[in-house]
Amino acid sequence: MRELFEPLSAGKLELRNRLVMAPMTRSRAGADGTVTGLTAEYYRQRAGAGLIITEGTQPSVRGQGYILTPGLHSDEQVAAWRAVTDAVHDEGGAIFAQLMHAGRVGHPVLYPDGGLPLGPSPIASGDRLYTPDGMLDHPVPQEMTLDDIARAVEEFAAAARNAVAAGFDGVELHGANGYLIQQFLADGSNVRTDAYGGTVENRVRFAVEAVRAAADAIGPERVGLRVSPGGTSSGVSESDTPELYSALVAGLAPLGLAYLHVMEELNRDMTRRIRAEWPGTLILNPHPTPESFPARPEEGAEALREGVADAIALGQLWLANPDLPARIKAGGRYNEADRSTFYGGDHRGYTDYPALP
């Protein structure tokens, strides 16, 4: 699988290999959205990745969707992240912050003012929020006004500037998994009749504006976008996925971004279509087969050989194997991820997975 270990240029970054650590929520931040020294150690251990993409990080107070997730909208949060980026860079690694505005996937208990989460339309996700006091239904969100939309776009730009101040090499906007950007893309969650709803050209407008704002703030070579074409997380639904993502790619292509990150939800044909239309670097989070869950390096190497991707993002394998490149070169013997420690807790299931001797 030597393809995985070839260097790669992404924007102005020179990646040591084509193994990307996918973003994974771990819910170990403080109540104020600051990360800890434990988080710095977690990412330091995995600095052998060509690129680390952090867990989803809220760009604003109203962007939060889960408890104990980190932010990039306060001076304290920026200062805390600096320890993480320093730790990764000291090991020769590269790290992007994933900026995730959860949109309607939120709840008033997360916000100091007890207000409603925001969404493109007043349609509830149908999902629930975990809290220490039990599960809570997501409410019907407050439909975003044009001023709300403009504010959210600026929040992405401000968080991108904060990320650079914290030492990150760049940012990835989360446009996948049913969060705010995909809520605008998907006609099941966006029934607006203004310039941000209706046609595919209108529904991609928010995504393009948010990405452009971040690119203008810190440079397009420092910005990526993650998408999940056809994904149905948190109740989103797309009736026109091929046309929708063709329009999105057309809107993004002129910006000169570092990469487009595709979380493969449908069959490989959709990925091939995006690959044919996207002129820049493409990171693929491959869809595993039922026989090989989670996705394995072999599937990634195959995608690289086919030319459908330039780099491969893996999740659970990185979570459980901090020395993943060494294990791949050794032909396997992978640690299995402990699902009971995925979200919240202490060092157990976080920084205590063993490396090869």
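Which elements are included in what covers the buried residues of α9?

## Helix α9

Among the covering elements are α8 (268–277), β13 (282–285), β14 (311–314), α10 (316–320) and α11 (324–329). Contact here is heavy atoms within 4.5 Å. Helices (H or I, at least four residues) and strands (E, at least two) are DSSP runs, numbered from the N terminus.

The model is predicted: local features need pLDDT of at least 70, side-chain atom pairs count only at pLDDT 80 or more, and totals for chains, interfaces and linings use all residues. Residues are numbered from 1 along each chain as its sequence is written, and side-chain values use heavy atoms, with hydrogens and water left out.

Helix α9 spans residues 297–306. Its buried residues (under 20% relative accessible area, 1.4 Å probe, protein chains only) are P297, E299, G300, A301, A303 and L304. G307 follows α9 and has a positive phi, near 85°.

## Largest pocket

A pocket is an open set of points on a 1 Å grid over the protein atoms alone, where a 1.4 Å probe fits, with protein on both sides within 12 Å along at least five of seven lines; lining residues have an atom within 4 Å of a point. The largest pocket has a volume of about 1,300 Å³, taken as the space filled by probe spheres set on the points.

Its lining has 43 residues, with P23, M24, T25, N177 and Y343 nearest the centre. β7 (128–131) and α10 each supply at least two lining residues. By class, the lining has 22 nonpolar, 14 polar and 7 charged residues.

## Second largest pocket

The second largest pocket has a volume of about 210 Å³. It is lined by 15 residues; A31, D32, G33, Q64 and L110 are the closest to its centre. The lining has 7 nonpolar, 7 polar and 1 charged residues.

Notes:
Buried < 20%, exposed > 50% of the residue type's maximum accessible area, 1.4 Å probe, protein only. Nonpolar A, V, L, I, M, F, W, Y, C, P; charged D, E, K, R; others polar.
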